[in-house]
Amino acid sequence: MSTHNMKFPPGLMLVALGVLGFLLLFLAIPVGNVFYTAFSNADGSFTMGHFGSFFQQPLLKESFFNSLYVSVMSVIFASLIAIPLAYLTVRFRFRGALIIQTLGVLPLIMPPFVGAVALQLLFGTSGTVNLLLQDWFDVSIPIMDGLNGVIFVESLHYFPFILLNLTVAMRNIDGAMEEAALNLGSRGWRLFRRIIFPLALPGYIAGASLVFVKVFDDLGTPLVLGITNMLAPQAYLRITQVGIDDPLGYVISVLMIVFSILALWLSASVLRNKDYSTLQKGGSSIQQRKLGRWESVLAYAWIAFVLLLVLSPHIGVLLLSFATVWSYAPLPDGYTLSHYAAVFSNSHDMMINTLLYCGLAAGIDVILGTAIAYLILRTRIPARRWLDWLASAALAVPGIVLAIGYLRTFRGVELPGTDTVLTSTWIVIMLAYSVRRLPYALRACVAALQQINVSLEEAAASVGARRHRIIRRVVVPLMAGGMLAGFVTSFITAAVELSATIMLVSRDSDAPMSYGIYLFMQSASGRGPGAALGVLAIVVVAIGTYASHLIVERASRRTRSLHAIEQE
Amino acid sequence: MKLRQSSLLAVLMAASATAYAGTVTVITSFPKELTQAYKSAFEKSNPDIKLEILNKNTVSGIAYVRETAEGRRPEVFWASAPDAFEVLGAAGLLEKASDVANHEVPDKIGSFPINDPSGLFYGQALAGYGIMYNTRLLKAKKLTPPTTWADLLKPEWFGNVGMTSPSRSGTQHLTVETILQGEGWDKGWNTIIRMAGNSKTLTDRSFGVPDGVNNGQFGAGPVIDFFGLSSKFSKFPVEFVYPDETAIVPANIALIKAAKNTEEGKKFIRFALSPEGQELLLKPEISRLPVIPYAKMNNIPQGYPDPKILAEKSKVHFDTELSQQRYFVVQSLFDQTITFRHKELQNATRAILDAQSKLAENPSDKGQALLEQAKKLAWSPLIDEKEAVSEDIQKVFQGDKKDASVSQALSKLQGQWNSEAEANYRKAIELAGQAASS
Amino acid sequence: MKKVSVECRDIRLSYGDTEVLKNINILIEPGEFFALLGPSGSGKSTLLRLIAGFNQHNAGQLLVDGKDISAIPPHRRNIGMVFQSYALWPHMTVWDNVAFGLVERRLPRAEVRERVEAALALVGLSTFARRRPNELSGGQQQRVALARTIVIEPQVLLLDEPLSNLDKKLRVQMRRELLSLQRRLGITTIFVTHDQEEAMTTADRMAVLDKGVVQQTGSPATLFDFPANRFVANFVGTMNVLEGAVRTRNYSGVTLSVDGVGDLAIPVHDDIPQGDRLAASFRPHSVRIDAAGGNADAHYVWLPGVVEEREFLGEFVRYAVRVGEQRVTADQSHFAGLSQFQIGAPVALGLEPSQIRLLSA
């Protein structure tokens, strides 16, 4: 009996309930608990008192505004870096385009808190740049002082989000839009301002809002830089120092979630009805020009400058991993391989942990992502959209808030059959990774499934295959590329996650690489090995990104040819 | 495929469960070098026991023990700050382990008891507090190497010191208490506030200070001796010196009450207090002082500091009970008036130092008077010694924070201190400005 | 406004090794509605974009009003272009779209308002000013695109396949509106299409292009009745072509030995090309179709045949008739009551001599 036309196909209902159960248990309830605690008194009654306490403390108010300030400034600086690069790539025909593409990937493979240490060494007041500047010009740039340091690190790390989204949006503008404007007398800066940028705006906003949310929620970077007057570090400090019962930590968590949701909602509503991808069949993108002599020089100069900035944390970490001593000097005193030796002999536990947690989390994500994608696109189960929203809502939950939620909700909950508490095992870390990475995997799976024309499955049904066989033999193989890409994205973003990790790791032996790096950085002799471990993490992430890129390329080539056949 | 998945899950869960039999869990804030050394040595001589390290700073360690249910707690609490142990002991979270104590260990070091008189915790290592400085930076900025706390208050040290907050570091808390007890409440706060005023930054963890000195982010700062000594070993261009106003304080180890694996936990404590365990402290990358007198030990490296001598030189008689009484108050006062108002404090200090140098060139009585006023505003504590241990304040700090009214009262008080401090600094800047121009 | 001429002199355009436009020579008179007709790949759109300034020719001159504008960049040519996709900016209202060119010219607000209102009124969209492009139908979008271009009062108007995105009924209506608009404004207009019916119904004169070469320029009637070569003959309307070797050629006409058909005596006197092989070309509607075995009127040139296919097109019935080894298309006007020939019926086709043209084979 085919369940194709049923509104409540039994097998799939079970799957839907399972997915819902997972999301409720590991996302909705912990977050809900956080909200509940922020609003409840010791006796359980409703109160706004804790919020009152929050706003009474000047420090907390200051942290709130600082977090907003840092996030907005990071978006601005990231835009300053990304917009010219996007324009260069799309508008001009020149060989540097490949460099720009790499620029768009390099920052993302370095965990920001690792980069922060390196940038401190290079740009801090006693760092390379400033020492040289003081020697030569008797001037120093306070680029790493206080909040500026956070803004600098975050802009440098997150600008690719804007670059990527903006470039895609600009490439999707039909060339005729620009020609029509040229034809009517507009050109140059006016043309860009009135036509090209507004049409690319949705792409820009998508990227910018993502940067805002991620900077707002980031715990690792401010912590490593020693900045504590921002929301995320304050939440962390309060919960770790005052205890899991401190209500102000929950107030901060609620504020963080509310603002993240606000930012995402704002960008979604601005983007609604504004899908400006106007590129039609047979249309072409906006014209590409050749660079004039002067323009060439400027362009390459800008790219070189950005490249140097972007590479500086990588260079810094690399130097640090080989350095014997690097103190108050532009460059290390000497070089050694001993840190790598130390890492390889002592740290395979951490590497195995990372592989285990991130692999399992990514696996869960892909399974859930595929299930949700199938339920949304291939069934008519009512309220299935809610699954999508619930899963995607995880984007707005900061890592530290989810961790706090887990610690509170599962306090005292034991693993069945043992007498160990869930929150002291690595399983809770893996769950946190999986829940927070689910939105990415989900998007990848949805995109992959959308590319498969439903007629392929209908054809299988018409020759007698039942639904689960269709899924196994038609849907999943065709989705494989997208699923794999989702797996890799989940994996590599989980591998460099620190915010939730730092709160949930109890024993050293449970530590994954990210926490290991953080721990290493806490002792004088640990900076070298910490940097070495950081380099390893970067290499792993880089390989993963490249592999995922290849897989997606190969998969989309296959479906592209499928499409071409369909359209002939 | 489904069967394979579920059996894999079962195996994983079983694996994580069995890992906990024969395990001793230690909560400690000590760095990896130390814990790694002890772990390897202990597991070597006790092959059937696995040592799990929970790395938490002192304050969150206390919170963790409090939060964990009985019967599931870690076995050992091992940290530098003795007041943490006072707090745990008073809360009934520690258990006596007199059968594993080492009787070679003397009762006191100087006037400071090494072991808890009621037997709830034991001294495991000794450490002193001192000043660590970066020789390269000092040379570049032409500063003379400091020998006392007061040296760090001099005008030329403005912006060149690094500190951390007592609420984030047990050892810093101890240093602060040492200064408070050594110089008295008012003068002690004066020193502390001025040192913070001269500080470039207040770091997040106690390690932030030696780290900063190592990397030349700032010139000098108060650190626990092993940070300074081990950094020197790691070939950083740094030196360490014990000022006279120092305390030799034990790092303690204790057995947690109602832990999961008490018997084997005791074994670790015994190991840590044994000659074998104590010798590990002498490793250069660890650089801590053993509790067993040198006379009873072998293999002491050349020139290694002798705690007995240092303790005799030390002027401070540390009162742990007093420290415990005003534990949270001191932390809160420091945070609200110094940590969270650091920028304002820095500005005030700079203004005062500027005015001071101007007045040195052109002395003026009126200016001097204004300057003294400014100094008093900026560099005095907001409450006096008696208030710090008064009943009202105790009620606010010891109440149940889940109760919104308590939490509000606490926030209110903290907010009050915070704003008062800010106002004081602002006024001080104003007065100093006037003093400079008079 | 002054009406200007547009002239292409010896224009050549190549992309790398591929020659896209070969030696184009066209003169468009002031105020003319001129069509560029050709199949895809003929270069017609390229030529149009060249005139607009989006393509640069390698050789030759482009003259507007007698002056060579080759060096002037597209935004300064004052030549308005309506794009095939209309290229309306989705983030602007209809009003802003239309006002764009005027705003670029920094004209005072009052004047902009006046002219935009006039342009919208001209295309009948005055009440749509606040709408956005995605709220308009295809025909309305096209009118906005038009308004946007004419509001700047260009000297030349270029239309790139303006009707190809509309459905058939709308196309007919729009081409009439376009024509009447052009007549009213009097702007020299060049429009590109692949649809010969569109070109013939609207253009004053047209040029047929194939593979980058101008095949013939002239009025629609000229091209229809007197195609210069087989390509034009086949492209503009349907044409029957019977090719054969020349048997005799004298004062009474030409006899062709048509392959697979036999001798065909054609009483045509003028305009006979030289050569041993010629092609007799005639339109389907100039072929008379009678039942076989009837009286043969000697005026016509008769061919015997068998009906192979029949298409009922409403106004006429189109028959495909097998004559020997060739196929001839014959159109018979249809009236109610007139019977149609069956498939397989033997028929006699009578060709009207005055409508037969002889072309080089």
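The model is predicted, so local features need pLDDT of at least 70 and side-chain atom pairs count only at pLDDT 80 or more, while totals for chains, interfaces and linings use all residues. Residues are numbered from 1 along each chain as its sequence is written, and chains are lettered from A and ligands numbered from 1 in the order in which they are written.

**Stop 1: the domains of chain A**

Colour chain A by its two domains: domain 1 is 1-47 + 332-568 and domain 2 is 51-279. Such bounds come from an automatic or database domain assignment. The C-alpha centres of these two domains of chain A are 24 Å apart. Where they meet, 30 residues of domain 1 of chain A and 29 residues of domain 2 of chain A take part; two residues are in contact if their C-beta atoms, placed from the backbone, lie within 7 Å.

Now select the domain 1 side of that contact. At least two residues each come from α1 (10-38), α17, α21 (499-504), α22 (513-520) and α23 (527-567) of chain A. Helices here are DSSP runs (H or I, at least four residues), as are strands (E, at least two), numbered from the N terminus. By class, this side has 23 nonpolar, six polar and one charged residues. Ala, Val, Leu, Ile, Met, Phe, Trp, Tyr, Cys and Pro count as nonpolar, Asp, Glu, Lys and Arg as charged, and the others, Gly among them, as polar.

**Stop 2: a helix pair in chain A**

Show side chains for A:Gly399, A:Leu402, A:Ala403 and A:Tyr406 on α17(A), and for A:Val428, A:Ala432, A:Val435 and A:Arg436 on α18(A), which make the contact. That set has six nonpolar, one polar and one charged residues.

**Stop 3: where chain C touches chain A**

Next, select the contact between these chains, with 17 residues from chain C and 18 from chain A. On the chain C side, β6 (79-82) and α2 (94-104) give two or more residues, and α2(C) gives the most, with three. This side of chain C has 10 nonpolar, five polar and two charged residues.

**Stop 4: the domains of chain B**

Finally, select domain 1 (22-127 + 248-313) and domain 2 (326-438) of chain B. Their C-alpha centres lie 37 Å apart.
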